[in-house]
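Please look at the model below alongside these notes.

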Amino acid sequence: LYFITLASALLCSSFFPDDIRTNKIITSQQQDDASVLSELSVSIKDGILRTVIVCGYVSFFYVLSGIICRNLKNGYAVTLICGFLEFSTGCARGFLLNDVDSYILCAGVLSFSGISVFMQSITIEKENNATVIKTEYLVSRLVQGILSCVMAYTVYAYGFPSLILIFAITVASTCCSGVLQTINKNQLKNKPKHSIIN
């Protein structure tokens, strides 16, 4: 599941490269001004604060998914709803299904990550001078979830060696997309502006 999630993430990075945008670059001079002890204390404080934030979001969406799914009897619907809200709850519900469906749905849920992770990203974006491009982020996670389901089915149907092939194709596609983007940019630079407009 880890390698499937990693492969789908690599593949999606080729098609959705800008789901998070950095607004400000921290210079090396600004980094050098801080002492080791002050940086350590800030890191510990930030770590504790982020742990509390993560636990808060997980708890909130766990309770919310429990309320929404309390009268649902369909295990697939419960897995998808819980996974949409919070991935660890979705995976826990997914493991109650049969082996094939559990494996495939958990792969999709892990790659989508859930609204909980999306909200965590939005919470810390201003602290790090970044902007989460919400539509692109959600679409890329949805596509990544679908890709992971397809890959998981392939691995289950054809065995673990197929994962190596999937990973090789993914890495090749990721590398090729960067090369193609560079070629396309170079071609645009060589064309006169009036021909691009036309």
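1. Helix α6 is followed by S113, whose phi is positive, near 80°. At 14% relative accessibility S113 counts as buried, where buried means under 20% relative accessible area, exposed over 50%, and partly exposed in between (1.4 Å probe, protein chains only). Helices (H or I, at least four residues) and strands (E, at least two) are DSSP runs, numbered from the N terminus.

2. On provenance: this is a predicted model, in which local features need pLDDT of at least 70 and side-chain atom pairs count only at pLDDT 80 or more, while totals for chains, interfaces and linings use all residues. Residues are numbered from 1 along each chain as its sequence is written, and side-chain values use heavy atoms, with hydrogens and water left out.

3. The protein has 10 helices and 2 strands. Along the sequence their order is α-β-α-α-α-α-α-α-β-α-α-α. Of its 198 residues, 29% count as buried. Contact means heavy atoms within 4.5 Å; among contacts with a separation of 6 or more, 70% come from residues 24 or more positions apart.

4. Helix α6 covers residues 99-112, which is 14 residues, and reaches 20 Å from its first C-alpha to its last, close to the 20 Å expected at 1.5 Å a residue. The expected span is 1.5 Å times one less than the number of residues. At the N-terminal end, N98 caps α6, with a side-chain oxygen 3.3 Å from the backbone nitrogen of V100. A polar contact of this kind is a pair of N or O atoms within 3.5 Å; within protein, one must be able to donate a hydrogen and the other to accept it, and residues adjacent in sequence count only if both atoms are side-chain atoms.

5. Which residues of α6 are buried? They are S102, I104, L105, C106, A107, G108, V109, S111 and F112. What covers them includes α1 (2-15), α4 (75-85), α5 (87-94), α7 (114-125) and α8 (134-158).

6. G94, in helix α5, is buried at a relative accessible area of 0%. Leaving aside neighbours within four places in sequence, G94 is in contact with T79, S102 and C106. The C-alpha atoms of G94 and C82 are separated by 9.2 Å, with the two residues 12 apart along the chain. T79, in helix α4, also has a relative accessible area of 0% and is buried. With neighbours within four places in sequence left aside, T79 is in contact with G90, R93, G94, L97, L105 and V109.

7. The largest pocket has a volume of about 250 Å³. Its lining consists of L80, G83, F84, L105, G108, V109, F112, L142, G145, I146 and C149. Helices α4, α6 and α8 each supply at least two of the lining residues. The lining divides into 8 nonpolar, 3 polar and no charged residues, with Ala, Val, Leu, Ile, Met, Phe, Trp, Tyr, Cys and Pro counted as nonpolar, Asp, Glu, Lys and Arg as charged, and the others, Gly among them, as polar. A pocket is an open set of points on a 1 Å grid over the protein atoms alone, where a 1.4 Å probe fits, with protein on both sides within 12 Å along at least five of seven lines; lining residues have an atom within 4 Å of a point. Grid points are joined across faces, edges and corners, and the volume is the space filled by probe spheres set on the points.

8. Helix α7 has 12 residues and reaches 17 Å from its first C-alpha to its last, close to the 16 Å expected. Its buried residues are G114, I115, S116, F118, Q120, S121 and E125.

9. Helix α8 has 25 residues and reaches 36 Å between its first and last C-alpha, close to the 36 Å expected. Buried in α8 are Y137, S140, R141, Q144, G145, S148, M151, A152 and V155. K134, found in α8, is partly exposed at 38% relative accessibility. Not counting residues up to four places away in sequence, K134 touches F118, I122 and E125. The C-alpha atoms of K134 and I122, 12 residues apart along the chain, are separated by 8.8 Å. After α8 comes G159, with a positive phi near 90°.
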